[in-house]
Amino acid sequence: MNTGLAELREKARAVLDPVHYDYYAGGVGDEVVLGENEAAFRRLALLPRVLRGRATRDLTVDLPGGRLRLPVLVAPTAFHRLAHPEGEVATARAAAAAGTVLVSGVASTVAIGDVVAAARSVDATASVWFQLYPQPDEAVTACLVERAERAGCTALVVTVDSPVFGRHRRDAEHGFHDLPAGLATENMRDLPGGVRDIVMSPEVSWDHLDRLRETTSLPLWLKGVLHPRDAVLAVEHGVAGVVVSNHGGRQSDLAPAAVEALPAVVDAVAGRVPVVLDGGVRGGGDVAVALALGAAAVGVGRPVLWGLAADGAAGVGRVLDLLRDEFDHVLALCGGRDPADLTRDLVVTRGRGVSARCG
Ligand SMILES: Cc1cc2nc3c(=O)[nH]c(=O)nc-3n(C[C@H](O)[C@H](O)[C@H](O)COP(=O)(O)O)c2cc1C
Ligand SMILES: CC(C)CC(=O)C(=O)O
């Protein structure tokens, strides 16, 4: 892990209520996938290419829903006001200042309109995407989508890896089920039928996705895809992009590490839509490996929460700066001029030697 990120994590651990630290840090079950997401990156290496570099590198990536000045976006995570009193407002400001996208969660502790306003107060062109879980009551989903559109969000991220809630042992041990007094999921107010809670339903289907897509003209990303066949179905159902993710090891503890699932999804999608990866990205080298395996960008979840807890917007800014700086350095070391120079032939598995057929 990048040492700066490790320091921020330790600062976050020191300042956070241990119950809230464990909510952020923990995973499902025995936390096998949680560990594997990071470990899988350490099993991969990048072959440098020589004599083809450039003094300054262009890190820009264009995605449906916004331009990123670095190929790292802020993955949706719930309850930022547990980390810092400003919550998602601080995260939004930092992401906008860094020139990247905040994917703001439906389970945010600041209403989406205020999140977008915070981002735009820093950069009038900032892009904020809205993440939601498709609700079995489609009137609720439609209302959330409409709120996101009205707020000025430029894409929707539909999370589909949660047919049921993940069982987080640390939360169970602490008895952590509810937000403390004074905090609420602000997007979940005044919804049809008086609904107040996010519902996970195993009956949500591709039909729900099709109907959701009909309610909006925003680009729609599908988050939580691991099976290549689902990636193909996603493209057939008209998504603008796919996020390869195991929810940071918080849903199935039998899932593969996110980076291990990435190449097959990239191959299945075959360039028809961009693929973003999240899970276990802890340094610029991980960003480079993911891009070399075909991701257009990566998402970071927990490191942003550590930065937020440690130092509010400045801490989130530090996380994004560290990742940008380290990614740029690794790109230079690989003889890369821009992210497109990171290709799959550069990636080797440690301990297995290098194929003479590389490239
Ligand atoms: C505390 C926490 C809350 C999360 N909440 C959500 C959420 O509300 N919606 C969602 O789609 N993903 C959620 N995720 C998953 C992240 O979007 C992302 O997939 C994951 O954090 C990436 O792994 P990383 O933390 O190793 O970077 C959450 C993750 C964490 C750690
Ligand atoms: C269920 C949500 C409220 C948050 C979430 O996705 C998570 O904690 O992983």
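1. Let me begin with helix α12. In this predicted model, 23 of the 32 residues of α12 are buried, so the helix is largely enclosed by the rest of the structure. A residue counts as buried here when 20 or more other C-beta atoms lie within 10 Å of its own.

2. How far does α12 span between its end C-alpha atoms? The helix covers residues 302-333, and the span is only 27 Å, whereas a straight helix of 32 residues would reach 46 Å at 1.5 Å a residue. When you turn the model, look at aspartate 311: a kink of about 140 degrees in α12 is centred there. Following α12 you will find glycine 335, which has a positive phi, near 70 degrees.

3. Now to the protein as a whole. Its secondary structure consists of 12 helices and 12 strands. Of the 359 residues, 51% are buried. Among contacts with a separation of 6 or more, 76% are between residues 24 or more positions apart.

4. What about the overall dimensions? Along the principal axes, the C-alpha atoms fill a box of roughly 60 × 45 × 45 Å.

5. Ligand 1 is surrounded by 23 residues. Which of them are the closest? They are Ala75, Thr159, Gly248, Gly301 and Arg302. Arg302 also belongs to the stretch 302-333 that forms α12, so you can follow the helix and the ligand shell from one residue. By class, the shell around ligand 1 has 8 nonpolar, 11 polar and 4 charged residues.

6. Ligand 2 has around it Ala78, Ala107, Ile198, His247 and Arg250. This shell divides into 3 nonpolar residues, 1 polar and 1 charged.

7. A last point concerns serine 355, in the segment after β12, the strand at 347-349. Is serine 355 buried or exposed? It has 9 C-beta neighbours inside 10 Å, so serine 355 counts as exposed; the cut-off for that class is 12 or fewer. From C-alpha to C-alpha, serine 355 lies 9.3 Å from aspartate 345, and the two are 10 residues apart in sequence.

Terms used:
Residues are numbered from 1 along each chain as its sequence is written. Chains are lettered from A and ligands numbered from 1 in the order in which they are written. This is a predicted model: local features need pLDDT of at least 70, side-chain atom pairs count only at pLDDT 80 or more; totals for chains, interfaces and linings use all residues. A residue is near a molecule or strand if its C-beta atom, placed from the backbone, lies within 6 Å of it. Ala, Val, Leu, Ile, Met, Phe, Trp, Tyr, Cys and Pro count as nonpolar, Asp, Glu, Lys and Arg as charged, and the others, Gly among them, as polar. Helices (H or I, at least four residues) and strands (E, at least two) are DSSP runs, numbered from the N terminus. Two residues are in contact if their C-beta atoms, placed from the backbone, lie within 7 Å. The expected span of a helix is 1.5 Å times one less than its number of residues. The bend at a residue is the angle between axes fitted to the seven residues ending there and the seven starting there.
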